[in-house]
Amino acid sequence: MAKRVVIDRDECIGCGSCADACPDVFEMDDEGKARVILPEGGDETCIEEAISICPVECIHWEE
């Protein structure tokens, strides 16, 4: 099974840094929270950057 990126939406503060860093994978929804739009694809380097800049560390990989 491939790894996929996920966001803990309960922890997300809606800063938008992940969507700014990696707009092909993340977007902000109508509630002002980030959501994953491409969970099993996208540039891993970009996703790793989004993970590293998230101020509340709510983005992670899941197997």
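# Briefing on a predicted protein model

Ser17 is placed in helix H1, which spans residues 17-21. The model described here is predicted. One cavity of 30 Å³ or more is counted in the structure, and a search of the whole structure for aromatic pairs returns zero.

- Ser17 has a relative accessible area of 18%, so Ser17 counts as buried, the limit being under 20%.
- Beyond its neighbours within four places in sequence, Ser17 is in contact with Ile53, Cys54 and Pro55.
- Ser17 is also one of the residues that line the largest cavity.
- The volume of this largest cavity is about 60 Å³.
- The lining is made up of Cys12, Ile13, Gly14, Cys15, Gly16, Ser17, Cys18, Ala34, Cys54, Val56, Cys58 and Ile59.
- Sorted by class, the lining of the largest cavity holds nine nonpolar and three polar residues, and no charged ones.

**Strand S1: Val6**

- Val6 belongs to strand S1, which covers residues 4-7.
- With a relative accessible area of 14%, Val6 is buried.
- When residues up to four places away in sequence are not counted, Val6 touches Val36, Cys58, Ile59, His60 and Glu62.
- Cys58 and Ile59, both touched by Val6, are among the residues lining the largest cavity.
- Val6 and Ile37 are 31 residues apart along the chain, and their C-alpha atoms are separated by 9.9 Å.

**Strand S2: Glu27**

- Glu27 is located in strand S2, made up of residues 26-28.
- The relative accessible area of Glu27 is 29%, and Glu27 is therefore partly exposed, as this class lies between 20% and 50%.
- Residues touched by Glu27, not counting those up to four places away in sequence, are Ala19, Lys33, Ala34, Arg35 and Ile37.
- Between Glu27 and Arg9 there are 18 residues in sequence and 12 Å in space, taken from C-alpha to C-alpha.

**Helix H2: Ala50**

- Ala50 is part of helix H2, which runs over residues 44-53.
- Ala50 is buried, with a relative accessibility of 0%.
- Apart from residues up to four places away in sequence, Ala50 touches Cys18, Phe26 and Ile59.
- Ala50 and His60 lie ten residues apart in sequence, with a C-alpha to C-alpha distance of 9.6 Å.

**Loops on either side of helix H2**

- Gly41 sits in the loop between strand S3 (34-36) and H2.
- Gly41 counts as partly exposed at 23% relative accessibility.
- Leaving aside neighbours within four places in sequence, the contacts of Gly41 are Val25 and Ile47.
- Gly41 is 39 residues from Ala2 in sequence, while the two are 9.8 Å apart in space from C-alpha to C-alpha.
- Glu57 occupies the loop that lies between helix H2 (44-53) and strand S4 (59-62).
- Glu57 is exposed, with a relative accessible area of 69%.
- Most residues other than glycine have a negative phi.
- Glu57, although not a glycine, has a positive phi of about 55°.

**Aromatic rings and charge**

- Zero aromatic pairs are found across the whole structure.
- The ring of Trp61 does have a charge over it: the charged end of Lys3 sits there, 4.4 Å from the centre of the ring.

Definitions and conventions:
Residues numbered from 1 in each chain as written. Predicted model: local features only at pLDDT ≥ 70, side-chain atom pairs only at ≥ 80, totals over all residues. Heavy atoms only, no water. Phe/Tyr/Trp six-rings, centres within 6.5 Å; stacked < 30°, edge-to-face > 60°. Lys NZ or Arg CZ within 6 Å of the ring centre and 35° of its normal. Helix = DSSP H or I, 4+ residues; strand = E, 2+ residues; numbered from the N terminus. Buried < 20%, exposed > 50% of the residue type's maximum accessible area, 1.4 Å probe, protein only. Contact = heavy atoms within 4.5 Å. 1 Å grid on protein atoms, 1.4 Å probe; cavity = no way out; pocket = protein on both sides within 12 Å on 5 of 7 lines; lining within 4 Å. Points joined across faces, edges and corners; volume = space filled by probe spheres on them. Nonpolar A, V, L, I, M, F, W, Y, C, P; charged D, E, K, R; others polar.
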